[in-house]
Amino acid sequence: MTGAASGPVDVRAGRGRLVVAVALLDGQRRVLAARRTSPPAYAGMWEFPGGKVEPGEDELAALERECREELDVQIEAGPVLGQVELASPGWRLRVWFGRIRSGTPRAVEGGELRWLSVPELGDVSWLPADLPLVDALRRRLLEPEPLVFPAV
Ligand SMILES: Nc1nc2c([nH]c(=O)n2[C@H]2C[C@H](O)[C@@H](COP(=O)(O)OP(=O)(O)OP(=O)(O)O)O2)c(=O)[nH]1
């Protein structure tokens, strides 16, 4: 896994495609996980809410859009949690910490949502690419330092 220092994916130039997602935290440092219903290979597995950045779209704008579409909430992004390569060549997943500015999350497109405490992070089957991110998330949430919102 790499951090934010590896630089942005050049989506506009078509040299890489990016999936953006969020580790949404509540006031008790719980994280929102979403259960996928499709495609069949991923159905029943859990992920960080998010989706693909459209060509020419700003990354954080895409993240905010996906959260509106999938969860019906407005979010505020904080620091980057990390990024990983996806199994599809040229695709990367970048995950930010986030918190809800307004709304109550609901699974607009089906599936299920769960707020997971740190000890519960291992209770669901995460998508394989997410596992290093979940490890990094667990480590960060066990640190006493607060996360800074918005990201600086
Ligand atoms: N949102 C999200 N996608 C992930 C995670 N981990 C992971 O491997 N992926 C993969 C699954 C998919 O191949 C891809 C995201 O595709 P998606 O289907 O959610 O994207 P989208 O909402 O834009 O949907 P679509 O327009 O392609 O229908 O990234 C994760 O934690 N969150």
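Colleague: Okay, where is P39 placed?

Modeller: P39 is in the loop between β2 (31-35) and β3 (46-47). Strands here are DSSP runs of E with at least two residues, helices are runs of H or I with at least four residues, and both are numbered from the N terminus. The peptide bond from S38 to P39 is cis, with omega near -15 degrees.

Colleague: Before I go on, what kind of model is this, and how are residues numbered?

Modeller: Numbering starts from 1 along each chain as its sequence is written. It's a predicted model, where local features need pLDDT of at least 70, side-chain atom pairs count only at pLDDT 80 or more, and totals for chains, interfaces and linings use all residues.

Colleague: What is the mean pLDDT of the protein chain?

Modeller: The mean is 92, and 90% of the residues reach 70 or more. pLDDT is the predictor's confidence in each residue, from 0 to 100. Where pLDDT is low, the predicted coordinates should not be read in detail. For the complex, the predictor gives an ipTM of 0.96 and a pTM of 0.91.

Colleague: Back to cis bonds. Which residues does the one at P150 join?

Modeller: That cis peptide bond joins F149 and P150, with omega about -15 degrees. P150 sits in the segment after α2 (131-142).

Colleague: And what is phi of R29 near?

Modeller: Phi of R29 is near 60 degrees, a positive value in a residue other than glycine. R29 is found in the loop between β1 and β2. D72 also has phi near 60 degrees, and D72 lies in the loop between α1 (59-71) and β5 (74-85).

Colleague: Why does R29 count as partly exposed?

Modeller: Because R29 has 13 C-beta neighbours inside 10 Å. The cut-offs go by other C-beta atoms within 10 Å of the residue's own, placed from the backbone: 20 or more is buried, 12 or fewer is exposed, and in between is partly exposed. D72 has 14 such neighbours, so D72 counts as partly exposed.

Colleague: Is β2 mostly covered or mostly open?

Modeller: Mostly covered: 4 of its 5 residues are buried.

Colleague: Which strands do bridges join it to?

Modeller: 5 bridges join β2 to β7 (residues 112-116), and the two run antiparallel. In that pair, A33 stands opposite R114. Another 2 bridges join β2 to β3, again antiparallel, with A34 opposite E47. Strands pair if DSSP finds at least two bridges between them.

Colleague: New topic: which residues surround the ligand?

Modeller: Among them are V19, A21, E47, F48, K52 and D130. A residue is near a molecule if its C-beta atom, placed from the backbone, lies within 6 Å of it. By class, the shell has 7 nonpolar, 2 polar and 3 charged residues. Nonpolar means Ala, Val, Leu, Ile, Met, Phe, Trp, Tyr, Cys and Pro, charged means Asp, Glu, Lys and Arg, and the others, Gly among them, are polar.

Colleague: Which element gives the most to that shell?

Modeller: β4, with 3 residues. Both β1 (17-25) and β4 (50-52) supply at least two residues each.

Colleague: Last one. How many helices and strands are in the protein chain?

Modeller: There are 2 helices and 7 strands, in the pattern β-β-β-β-α-β-β-β-α along the sequence. Along its principal axes, the C-alpha trace spans about 40 × 35 × 30 Å.
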